Amino acid sequence: MRNGIRDRLLFLYKFLRSPRQFGSMTPSSRWLARAIITPLPWNELFNIAELGAGTGAITKYLSAETTERTNVLLFEKDPDLRRQLHLRYPGYRLFNDCLRLRLALHNSNLEKLDCIVSSLSYRNFSMLGRVQFMEQITASLKEEGWFIAFEYFFPRMKRELQQHFDILSIQYVPLNFPPAIVYICRKKTSAYAKQQLKVIFI
């Protein structure tokens, strides 16, 4: 309980200093975390990345599902939050820049990821940053790998996601501040992507 209050105060402090980076005044709620974690087939996931891990609001639910065999990469830009994550999850690898996701995989001796969970505010990226973000994700995920993301208020990511992923479900989570929209996606196969390109150029 005390850690939860401390995390909320720290997150609020960080938000007030850099609202564009954090996108929300509070960490993700347990209802949002469960909406993200529950649909995943954990017995099939061995290489996972969480982008924008923050205070670990989703990480603690993720850690309850993983085993010692699971490789977990956490990305958090803020150095204070990154240090806190390192203390709480010493077995996880910590990185500061999700736009260098492929490099992080290389340095971790991993080829592809089975799943990526993103807590990053998509609307806070520049147009170029959005392109780079999606390129890093699609290049790092195996075919039919899982990508879970959420955003606040109105669905803006859907069109972008549909270019690269099959959206299996969209769930509205009202018990979060702000209320969130969760996308459960799987990466399209290269054969499907090639077929789409052929349709474009015919």
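Predicted model: local features only at pLDDT ≥ 70, side-chain atom pairs only at ≥ 80, totals over all residues.
Residues are numbered from 1 along each chain as its sequence is written, and side-chain values use heavy atoms, with hydrogens and water left out.

Q: What makes aspartate 80 and arginine 83 a salt bridge?
A: The label asks for a side-chain nitrogen of Lys or Arg within 4 Å of a carboxyl oxygen of Asp or Glu. Here the N to O distance is 2.4 Å, so the pair qualifies under that cut-off.

Q: How are aspartate 80 and arginine 83 placed in helix 5?
A: They sit three residues apart in helix 5 (residues 79-88), so about one helical turn separates them. Helices here are DSSP runs of H or I with at least four residues, strands are runs of E with at least two, and both are numbered from the N terminus.

Q: Why is aspartate 80 called partly exposed?
A: Buried means under 20% relative accessible area, exposed means over 50%, and partly exposed is what lies in between (1.4 Å probe, protein chains only). Aspartate 80 has 34%, so it lands in the middle class.

Q: Which parts does the salt bridge of lysine 142 with aspartate 114 tie together?
A: The closest N and O atoms of lysine 142 and aspartate 114 are 3.1 Å apart. Lysine 142 lies in strand 5 (residues 141-152) and aspartate 114 in strand 4 (residues 113-118), so the pair ties together parts that are 28 residues apart in sequence.

Q: Are lysine 142 and aspartate 114 buried, exposed or partly exposed?
A: Lysine 142 is partly exposed, with a relative accessible area of 33%. Aspartate 114 has 8%, so it is buried.

Q: How many salt bridges does the rule give?
A: The count comes to three.

Q: Why is threonine 59 called buried, and what is it in contact with?
A: Threonine 59, in helix 4, has 0% relative accessibility, so it counts as buried. Contact means heavy atoms within 4.5 Å. Setting aside neighbours within four places in sequence, threonine 59 is in contact with Glu50, Ala53, Leu74, Leu85, Tyr89 and Tyr92.

Q: How is lysine 60 classed, and which patch is it part of?
A: Lysine 60 belongs to helix 4 (residues 59-65) too, and at 48% relative accessibility it counts as partly exposed. Together with Arg8, Arg30 and Arg34, Lys60 forms a positive surface patch. Patch members need over 30% relative accessible area and no salt bridge, with like charges joined within 9 Å and nonpolar side chains (Val, Leu, Ile, Met, Phe, Trp, Tyr) within 5 Å.

Q: Is serine 108 buried or exposed, and which residues does it contact?
A: Serine 108 is found in the loop between helix 6 (101-107) and strand 4, and its relative accessible area is 5%, so it is buried. Leaving out neighbours within four places in sequence, serine 108 is in contact with Leu73, Arg93 and Phe95.

Q: What stands out about phi of asparagine 109?
A: Phi of asparagine 109 is near 60 degrees, a positive value in a residue other than glycine. Asparagine 109 lies in the loop between helix 6 and strand 4, and at 72% relative accessible area it is exposed.

Q: What is phi of glutamate 144, and where does glutamate 144 lie?
A: Phi of glutamate 144 is near 65 degrees, again positive in a residue other than glycine. Glutamate 144 lies in strand 5 and is partly exposed at 44%.

Q: Which peptide bond is cis?
A: The bond from phenylalanine 177 to proline 178 is cis, with omega near -5 degrees. Proline 178 is in the loop between strand 6 (165-173) and strand 7 (180-187).

Key:
Areas by Shrake-Rupley, 256 points an atom, 1.4 Å probe, with all protein chains shown as cover. Lys, Arg positive; Asp, Glu negative; His and termini not counted. Charge placed at Lys NZ, Arg CZ, Asp CG, Glu CD.
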